[in-house]
Amino acid sequence: MTWLKSLAYLVGLPLLLILIWWAATLGRPNFFFPAPGILMDTFGEVWFGERILSDVLPSLGRLLAGVAAAIGIGIAAGLLIGSVKWLRALLEPTLEFFRAVPPPVLVPVLMLLMGITDSMKVVVIISGCIWPVLLNTIEGVRAVDGVLSDSARTYGVAGWARVRYLVLPSASPQIMAGIRQCLSIGLILMVISEMFASSSGLGFTIVQFQRSFAIPEMWSGIIVLGLIGVAMSFIFQWTERRVLRWYHGQKEVENAG
Amino acid sequence: MLVNEKPAVKDQPMLSVRDLKKVYKTDGGDVEAVRNLTFDLRPGELACLVGPSGSGKTTLLKCISGLMAPTEGEVLLNGTRVVGPPKKMAVVFQEYGRSLFPWMRVRQNVELPLKNHGVPKAERDHLVDEALEAVGLAHVPHSYPWQLSGGMQQRVAIARAVAYQPEVLLMDEPFAAVDAQTRADLEDLIRTVWKKLRVTVLFVTHDIDESVYLGERVIILSSSPTVVQEDIIIDLPEDRDQLNTRALPRFTELRHHVYEQIQLAKKGHRPAAAVVS
Ligand SMILES: Nc1ncnc2c1ncn2[C@@H]1O[C@H](COP(=O)(O)OP(=O)(O)OP(=O)(O)O)[C@@H](O)[C@H]1O
Ligand SMILES: [Mg+2]
């Protein structure tokens, strides 16, 4: 019974929205807003063919590579910068500057430097995704509790063991918050990196449809993006609940007491 | 004579605090937490340290454990100057809630220091089981620290220190947050562990009864600026129990004496030796 209930919560609003949409398109057909039925048919035609292989999967692959690299590099560099005081003082203003540069403006520059390649697109994604992970990790490393740190020191927990058992778990709530932002930025940049001078990929395909006034096809592409976003969010939440079990539990106890 | 002379140190002291001074540099100016402290602990001694709040007890422990460098003076462990956390020393902190790893279960918390020093799994398991059993927490090895009460958390911290088998055990008001019954049990636990392992213990408390019941010796600190107000031997029988020991006339005498000294300390009375400094 409970899973039925949670399923109802999950699909309730989407169903309602589709219903409203359907009702709105009922009387007067609009060129720019196709009815749900038409869109459904288009969706199947457009995306369940060779486009999965030629556009969707390569895009997803680049997204995954970019996000994974951003998370990896962001955490590693964040641990280092957060632990070394002078390094942090030296780098922090510069990092804030780079974080403030909107990544899309880098696309033409990177295109010139690297050509229109897969790696260029991955680098675009990394260049935008890395900042929230990096800066949050630095913040998290700095916020390690003093007493806990003293405890670890007195028991000789130092070096890599300190990172593994103290710093990393202690910073994990901030790191996860950074990763959450990183994922949504990643999806945006995946699309943007394919919009300029590209010849395949989800972003390219959607722009292509738009330019040729294939409106239902364009919408179906947008829906694909939305679904990818939802899937990523679910995977993230599932992971977060496991990684931060202790954190949420502790917060709950603190709030209750 | 009620007050014994400071014992003559024949063998080398385990722990030696020499002219220790600590001044905190803060934005609001310098804070002198400890003026000048000198005392020795013999191997296997159980000493209690009492002193008014703010007299620098925590500061002293941090200097002894190598977490903080003293402004002047030095700490010697087995004759070697302490410059960082020594391997064979364990500390139980005052802030029990913040000294355990909230992302590890009770067992992992107790096990971590041993694992970190490469103690083999079988031996580790044995030590952890024994320590948890000793503090009466054998039934919650899989709980997280934050799922336990304050007193239970502090017992985990004690178990972690005991399992580590240190040569020197420093404890900073470890029982401040536990109820009277648990406290009595834990006091007996500390004495049992001490007798069994013959570990050198420095136990900070603000509870006079506790210091007399627990210690073989009580070091009384003056109020700030801090010096040693008095250093007395507790000549109670080695086997102590909560009911009988506390009912001894000698217990009452010693307790009375410590109490008086602390009152003097609070009023700012300085021991003759320190007045000149
Ligand atoms: N990090 C610090 N920076 C500046 N001053 C400090 C710091 N830590 C302690 N002090 C000051 O040093 C003095 C001694 O503090 P300490 O915590 O050692 O006292 P204590 O004897 O442990 O007190 P309590 O019994 O309340 O725990 C106090 O005046 C305190 O304000
Ligand atoms: Mg203190």
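1. The shell around ligand 1 draws its largest share, 3 residues, from H1(B). Strand S1 (15-26), strand S2 (29-41) and helix H1 (57-64) of chain B are the elements that give two or more residues to this shell; helices (H or I, at least four residues) and strands (E, at least two) are DSSP runs, numbered from the N terminus. The model is predicted: local features need pLDDT of at least 70 and side-chain atom pairs count only at pLDDT 80 or more, whereas totals for chains, interfaces and linings use all residues. Residues are numbered from 1 along each chain as its sequence is written, chains are lettered from A and ligands numbered from 1 in the order in which they are written, and side-chain values use heavy atoms, with hydrogens and water left out.

2. Ligand 1 is surrounded by 13 residues, and the closest are Ser53(B), Gly54(B), Lys57(B), Thr58(B) and Thr59(B); a residue is near a molecule if one of its heavy atoms lies within 4 Å of it. By class, the shell holds 3 nonpolar, 8 polar and 2 charged residues. Here Ala, Val, Leu, Ile, Met, Phe, Trp, Tyr, Cys and Pro count as nonpolar, Asp, Glu, Lys and Arg as charged, and the others, Gly among them, as polar.

3. An N or O atom in the side chain of Lys57(B) is 2.8 Å from an oxygen atom of ligand 1, and one in the side chain of Gln94(B) is 3.0 Å from an oxygen atom of the ligand. For Tyr24(B), a side-chain N or O atom is 3.4 Å from a nitrogen atom of ligand 1. The protein buries 62% of the 630 Å² that ligand 1 exposes when taken alone; accessible areas come from the Shrake-Rupley method with a 1.4 Å probe.

4. Over all chains, the count of aromatic pairs comes to 9. Rings of Phe, Tyr and Trp (its six-membered ring) pair if their centres lie within 6.5 Å; planes under 30 degrees apart count as stacked, over 60 as edge-to-face and the rest as tilted. Phe98(A) and Trp131(A) are stacked because their ring centres are 6.1 Å apart and their planes stand at 5°. Phe98(A) belongs to helix H4 (residues 85-100) and Trp131(A) to helix H6 (residues 118-142) of chain A, so the pair ties together parts 33 residues apart in sequence. Phe98(A) is partly exposed at 42% relative accessibility, while Trp131(A) is buried at 14%; buried means under 20% relative accessible area, exposed over 50%, and partly exposed in between (1.4 Å probe, protein chains only).

5. Phe101(B) and Trp103(B) form a tilted pair, with ring centres 5.9 Å apart and planes at 55°. Both residues are buried, and together with Trp246(A) and Tyr247(A) they form one aromatic cluster.

6. Two arginines of chain B are placed over rings. The charged end of Arg198(B) sits over the ring of Trp194(B), 4.5 Å from its centre, and Arg246(B) lies over the face of Tyr213(B), 4.6 Å from the ring centre. A charge sits over a ring if NZ of Lys or CZ of Arg is within 6 Å of the ring centre and within 35 degrees of the ring normal.

7. Phe213(A), not a glycine, has a positive phi near 55° and lies in the loop between helix H9 (202-211) and helix H10 (215-243) of chain A. Glu173(B) also has a positive phi, of about 40°, and lies between strand S7 (168-172) and helix H5 (180-197) of chain B. Phe213(A) is exposed, at 55% relative accessible area, whereas Glu173(B) is buried, at 11%.

Terms used. Polar contact = N/O pair within 3.5 Å; in protein donor to acceptor, adjacent residues only side chain to side chain.
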